[in-house]
Amino acid sequence: MVSTPENKNYKVIGTRPIRHDGYDKVTGRAQYGADIKLPGMLTGAVARSPYAHAKIKSIDTSEAEKMDGVFAVMTAKDLPRLGDVVRGNSEESGSEKHLSENVMAFDKVLYKGHVVAAVAAKDQNTAFEAVKKIKVDYEVLKPVIDVDQAMAKDASILHEDYSGDHLGKKVKNTNIAAHVRHENGDIDNGFEKSDLVVEKEVDMQTVHQGYLEPHSGTAVWDEEDRVKVWTSTQGSFAVRDSVSKVLDLDVSRVKVTPMEIGGGFGGKIPIYLEPISAVLSKKTRRPVKTLMSRTDVFDATGPGPGGKVKVKIGIDSEGKILAAYADIRLEAGAYPEAFIEAAAKCVFSCYDVPSMKIDAYDVVVNKPSSAPYRAPASPQVAFATETVVDEICNIKGYDPIDFRLKNVAEKGTRTALGPKYRTIGLKECLEAAKDSDHWKSNLDSNPKPGKKRGRGIASGYWFNIGFKSSVNLSLNPDGKVALIEGSTDIGGSRASIAMQAAEVLGIPAEDVRPSVVDTDSIGITDVTGGSRTTYATGYAAYNAAHKLIEQIIEKSALKWDINKDQIEYSDGVVKSKADSELKMTLKEIADDPPGGPIVSSASVDLEEAGGGFAVHIADLEIDEETGKTDIVNYTAIQDVGKAIHPSYVEGQMQGGAAQGIGWALNEEYFMSDDGIMLNSSYLDYRMPTSLDLPMINTIMVEVPSEEHPYGVRGVGEPPIVPPVPAIGNAINNALGLRLLSTPMKPSRITEALKRKK
Amino acid sequence: MHPFNYYAPETVEEAIEILSKYGDRARCLAGGTDVLVQARGEKFELDAIVDIKKIPQLTKLEWTDSYLIVGAATPCHILYEDSKVCEVFPGIVDSAFLIGGIQIQSRASLGGNLCNASPSADAICSLIVHEVICEIAGPKGVREIPVEDMCTGPGKNALTEGEFLVSLKIPLKKGEFSASYERFIPRNEMDIAVAAVASSVELSDGKVSSCRVALAAVGPTPIFAKEASELLVGKEPTHENIKKVSEKAKDIASPIADMRGTVEHRKDLIKVLTRRTIEKALERAGG
Amino acid sequence: MAENKVKKVAVNTTINGEEMDILVDPYVSLLETLREVVGITGTKEGCNDGNCGACTVNLDGRIVDSCLVLGVEVEGKNIETVEGMANPDGLHPLQQAFLEEAALQCGICTPGFLVSAKALLDNEPDPSEERIRHWLAGNLCRCTGYDKIVKAVTKASKESK
């Protein structure tokens, strides 16, 4: 691990305790979304559109209703019609109308798999059989399935009633939901003065987050119009907010209990089945659980936007960037929100660019409504920028790390959207990359006949959001601390949050017991996403722990009848500064504290954590005859701010790299012209297996964030950004070929090799 | 899924009786790795599933003077964990070792893979190049057909009502014979072949006395590339001669473009894999 | 077409050492049988078509995807699931190694990986990295990139010697 000066003597932070929820998860006891069983529970199932774009003329549910074992059938007629009111949470936004229509279509289906009706039955098989009996009469329309089709003059329009915002102008009858522009300085002048200008356009297919646990939603709607929901989500409060909107209920009528979550990567922020189970429960007055199949997950959830990104960069004769331009067109899917602001923020984030202009388009297409996917939109734009940078280095013969260092973004560099960076660690990451065993190792470019090897490097960025979190602490009579939080734990955050409270209190991590609770039992907490959880909820835990110490001191003062200024606390012991006889352990003060139990509570609403940067190096081997690519050596370097639990930080870096490698090489939505995803199974979606990856080396660089007491930055998202361009650059290094489309699959490699010959 | 009944007959006759009764609304259950997935889909409905694994001969390996007889429901792992099978039929083992992951290999069988008749099946090409004979039992008794006649279209086989595949008879060769199977997949496991080739060769006095090449995922069924195979018979196995076979195999391949691959890539792969599998088979045969 | 009468079937089987009689619909998978009939939910559904390994169980000494086995097929057989790995004295070395090596993030694939890895170590006490990766290729993990899983299996193999 590369560490910057601030080497504090932490007792808990930086250690690797066993995560608190680990025992339940290795024994099968942990309860995930599908594992819940409630007395009298019915099974829900939904009818989905077979067409990507169609008007619903009529729905006949009578045959399904007549079936033995069917308790209720619903359509969108059972949902309130919502208006075009803007809504949002920390990671997604849109209108209430679109939120509701995505749950169940009212008049029009906009993607294959769009829900049109639902059934509650005695068991799963009966529910599925009943769904088959629902008859829907469609008027099939021509779908648009990529940005070119959607932006074409005579394109079929998804939302006739919707106005797009084009640079502030309201525009009707368009699939461009938004066109935004960010400008800094004079790019025309910059390009004019440039010694070299390189431009590339990349084309990326839609990808899916691919979490192993399909979505679920379980609900009870009681006689008092209170709705209880159990679901696997990245944000129980986001679900509460969305469900209450779709059902037109006050938020306090909805209580969401988060189950353990089997992966999300952004895709478990939107709601899908929860309101449907709720309405079915209202009709039956019984609990209803609805699950998705894997094909449903591919057809109708996620995905990460595909699209086209053009980047142009000009440099002077010294190799300094003078100007940069980006044209970003991303697929929002059926409803607006393709994360184009994030794209604009990320596209030139690794460089000091004196003049830049960014045009970004949010384009609706007949695919499932896109969801955040790990650093949403950043990998898409990084592919373009990092390819252009690599090409500049190739043309000019620059060392790719030296060029990046020469133009590196650092504290004070102005960012695309205006503000200047506070302390960031990209420079340190590039230096660590340069100093790494991997970068210093020799690459055998032609290891055996027919095989070529190449090395590529790329950097990437995610801004790491802040927002709201709440934590409650209570000191138990045995001197241990219960920590109550609202951040659903997707990969070890119970541990990283509890460790921060334990560090403040000076007690072992195991002595703080974290629980993730329902929305009635803790203050509002934003989603586990945007790499915010260890940062923001951890900050709340830090504050709550300090408040707990204040309470301990106050109560000790009452007990000893001395002034609280006379008391100090450290490492689980409270004592008088003056009288060495006056001393209590946490257990002793917790036994019978004057004035009631010792509890504390804190909430935060934070700014961004200060950007997170990653630099990845990829070595790969290509079989020239078949186009097969194997990753043979891979190193992920990242500024992690401060690694609270280093094992789980490494895990984020490795997992992000693995997803990026899959994205680069094989993963895609392979669509028919009719807008049907043809590879909607794990078999054909081709996520990496254990045999497809090498060990992924990690180098954690610690440049503490200025925004957090321990310097936490958020680590989950930056590592998915560099892999696609790093692999593209490595392929170019091996074969002298620029592949500008993902996936860079075998057939594309052999085609490109043939063209070259 | 349409609800179905489960039968587990213990004799061939019993199985024929149940299969005859239900006609096309019954299917045999061997490993279940294809049929159970399909029964859950929309393709067909079943009223009965007939588990044939309780019929003793269906899960047995038997060596006779002329054949290795593999019960149609014998799971793949039985083959690759048997040292004699590995030694005598490495080409068959190539296939058994590639079907799915370890979990699938605990259940999936060569017979099931054959009857499922997928154009991209991993076992069928190997069976073709080993000149395997299918032993089929039915209401009219037992009949035998060459394996290349088994697949009649994507997902369609030569079995008629009440019939099922009992065993695969792999002929034992006296001479310097061996085979090899290789598929191309973009990942390293758990994929369906984009294109695949099995080749077998028999050597005598430094020349190829017989050769069989079969191709998968480049036509509606796995293809016995007879014309390509014949090009090597009576010849020395030189690079030049092998190249002619691979080029012919490429000509014979008539793939479609789909999510798993393009026409051009598949044809190119056939050429590469034909060469690689012939070379491997020659190496194994001791040539 | 005449309605096909389908009745539940009584099955006698042994799950994690406990012999039991259960009543199952003949078309229901072993996965659904474990989760819905027996009521143990450690075995997970990820795809229901044999491509993710989240539902891996050990059936008479071999690992299988329980979504591709019928519940009625397990008459007289021995099934081991993740719930049977630990004993009252403590965790199985693999479970301990997964915790110590942080070999799980979301944890949904973990039961399948543990059952698969146990079958490997039961037969091959000292597998190479390549062998571990090959054996586990039928189990998908989307969180970890497999690195720490492979390390945990290696660690458990060394420690159980």
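Biologist: At what angle do helix 2 and helix 5 of chain C pack, and how far apart are their axes?

Modeller: Please note at the outset that this is a predicted model. In it, helix 2 (residues 93-100) and helix 5 (residues 147-159) of chain C pack at an angle of about 135 degrees, and their axes are 8 Å apart. Helix 2 of chain C and helix 5 of chain C are therefore oblique to each other. Their crossing is right-handed.

Biologist: Which residues make the contact between these two helices of chain C?

Modeller: From helix 2 of chain C come C:Pro93, C:Leu94, C:Ala97 and C:Phe98, while helix 5 of chain C supplies C:Ala152, C:Val153, C:Lys155, C:Ala156 and C:Glu159. Sorted by class, this contact has seven nonpolar residues, two charged residues and no polar ones.

Biologist: How should I read a sheet, and in what order do the strands of the open sheet in chain C lie?

Modeller: In general, the strands of a sheet pair through backbone hydrogen bonds, in either a parallel or an antiparallel manner. The open sheet of chain C has five strands in the order 2-1-5-3-4, and its pairing is mixed. Strand 2 (18-24) and strand 4 (62-65) of chain C are the edge strands, each pairing on one side only. On average, neighbouring strands of this sheet are turned by 40 degrees against each other, direction ignored.

Biologist: How many bridges join strand 3 to strand 5 of chain C, and do these strands run parallel or antiparallel?

Modeller: Strand 3 (residues 56-59) and strand 5 (residues 78-80) of chain C are joined by two bridges and run antiparallel. As one example to locate in the structure, C:Asn58 has C:Glu80 in strand 5 of chain C as its bridge partner.

Biologist: Across which strands does helix 1 of chain C lie, and across which does helix 3 of chain C lie?

Modeller: Helix 1 (residues 30-38) of chain C lies across strand 1 (9-15) and strand 2 of chain C, at about 95 degrees to strand 2. Helix 3 (residues 110-123) of chain C lies across strand 3 and strand 4 of chain C, and runs at about 35 degrees to strand 3.

Biologist: How many residues of chain A are in contact with chain C?

Modeller: In chain A, 40 residues are in contact with 42 residues of chain C. Helix 18 of chain A gives the most to the side of chain A that touches chain C, namely seven residues. By class, that side of chain A has 19 nonpolar, 16 polar and five charged residues.

Key: Residues numbered from 1 in each chain as written. Chains lettered and ligands numbered in written order. Predicted model: local features only at pLDDT ≥ 70, side-chain atom pairs only at ≥ 80, totals over all residues. Pairing = 2+ DSSP bridges. Helix = DSSP H or I, 4+ residues; strand = E, 2+ residues; numbered from the N terminus. Axes fitted to C-alpha atoms, helices over the stretch in contact; angles between N-to-C directions. Contact = placed C-beta atoms within 7 Å. Nonpolar A, V, L, I, M, F, W, Y, C, P; charged D, E, K, R; others polar. Parallel < 35°, antiparallel > 145°, perpendicular 65-115°, else oblique. Left-handed = near helix turned anticlockwise from the far one by under 90°.
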